[in-house]
Amino acid sequence: YNNKYIGNTFLNCKGSLTLRHGGDCLVANNLFLGTGNRASAGLRVIGSGHRVTGNHFEGLGNRKKGAISISASEKNAKANGYQPVKDVVFSSNRFLNNLAPPFDYAEELGEGRRSVLASNLIFEKNRFVGLEKSMVRTKLSGQVGTWKSDNRYESLPDNFYAKDEYH
């Protein structure tokens, strides 16, 4: 991998970790904790060949339309433009109590010259806690990649909100 982001904690950040101007990045075993801050976000994905695995996304705001925002790209993008998002694996991530859905499959589609959707994405072994499948899997999610059957949808524990400090 060209760049590795491993074992970090992003706590109450007013922004997101952004993969841009470089492919083949590894984002693994990080904590993205927004503590209910509406300006917090998780990860923006631009470019190809990335692997996003073992991360925990919790309490993130709705600054972006997803805890993970998958960018729309420009057709024939220049080196400083928005490169195509393709051949990216999202594996073994956990999403819990975020204001935005887990994924935005077409961040900023239609803005400027950004008209190309991501392609050949793989979603496997992810856990979605407290979310209905319909909030995660949309018509667009099937257009950008493959959803393996081992993604899990779990209910929140009955007493979750009684313990939750930032709901």
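Student: How many aromatic pairs does a search of the whole structure find?
Tutor: This is a predicted model, and the search covers the whole structure. Rings count as a pair if their centres lie within 6.5 Å. With that cut-off, the number of aromatic pairs found is 15.

Student: For the aromatic pair of Phe 103 and Phe 123, what is the geometry?
Tutor: A pair of aromatic rings is described by the distance of the centres and the angle of the planes. For Phe 103 and Phe 123 the centres are 5.0 Å apart and the planes stand at 80°. Planes over 60 degrees apart count as edge-to-face, so the pair of Phe 103 and Phe 123 is edge-to-face.

Student: Which strands hold Phe 103 and Phe 123?
Tutor: Phe 103 and Phe 123 are both buried, and they also belong to one aromatic cluster, whose members include Phe 95, Tyr 105 and Trp 147. The pair ties together parts that are 20 residues apart in sequence, because Phe 103 lies in strand β13 and Phe 123 in strand β15.

Student: In the open sheet of four strands, where does β13 stand?
Tutor: The order of this sheet is β3-β6-β9-β13, with parallel pairing. Strand β13 has a single partner strand, as does β3, so one side of each is left without a neighbour in the sheet. The place of β13 is therefore at the edge.

Student: How many bridges join strand β9 to β13?
Tutor: Strand β9 covers residues 68-71 and runs parallel to β13. One of the residues involved is Ser 71, whose bridge partner in β13 is Glu 107. The number of bridges that join β9 to β13 is three.

Student: Is Asp 104 buried or exposed?
Tutor: Asp 104 is in strand β13, which spans residues 103-107, and it touches residues that include Lys 65, Ile 68 and Ser 69. Its relative accessible area is 11%. Because buried means under 20%, Asp 104 is buried.

Student: The ring of which residue has the charged end of Arg 20 over it?
Tutor: The charged end of Arg 20 sits 3.8 Å from the centre of this ring. The charged end of Arg 114 also sits over it, 3.7 Å from the centre. The ring belongs to Tyr 82.

Student: Over which residues is the pLDDT below 50?
Tutor: The protein averages a pLDDT of 88, and 92% of the residues score at least 70. Where pLDDT is low, the predicted coordinates should not be read in detail. The stretch with pLDDT below 50 is residues 162-167.

Notes. Residues numbered from 1 in each chain as written. Predicted model: local features only at pLDDT ≥ 70, side-chain atom pairs only at ≥ 80, totals over all residues. Heavy atoms only, no water. Helix = DSSP H or I, 4+ residues; strand = E, 2+ residues; numbered from the N terminus. Buried < 20%, exposed > 50% of the residue type's maximum accessible area, 1.4 Å probe, protein only. Contact = heavy atoms within 4.5 Å. Phe/Tyr/Trp six-rings, centres within 6.5 Å; stacked < 30°, edge-to-face > 60°. Lys NZ or Arg CZ within 6 Å of the ring centre and 35° of its normal. pLDDT = per-residue confidence, 0-100. Pairing = 2+ DSSP bridges. Lists of a residue's contacts leave out its neighbours within four places in sequence.
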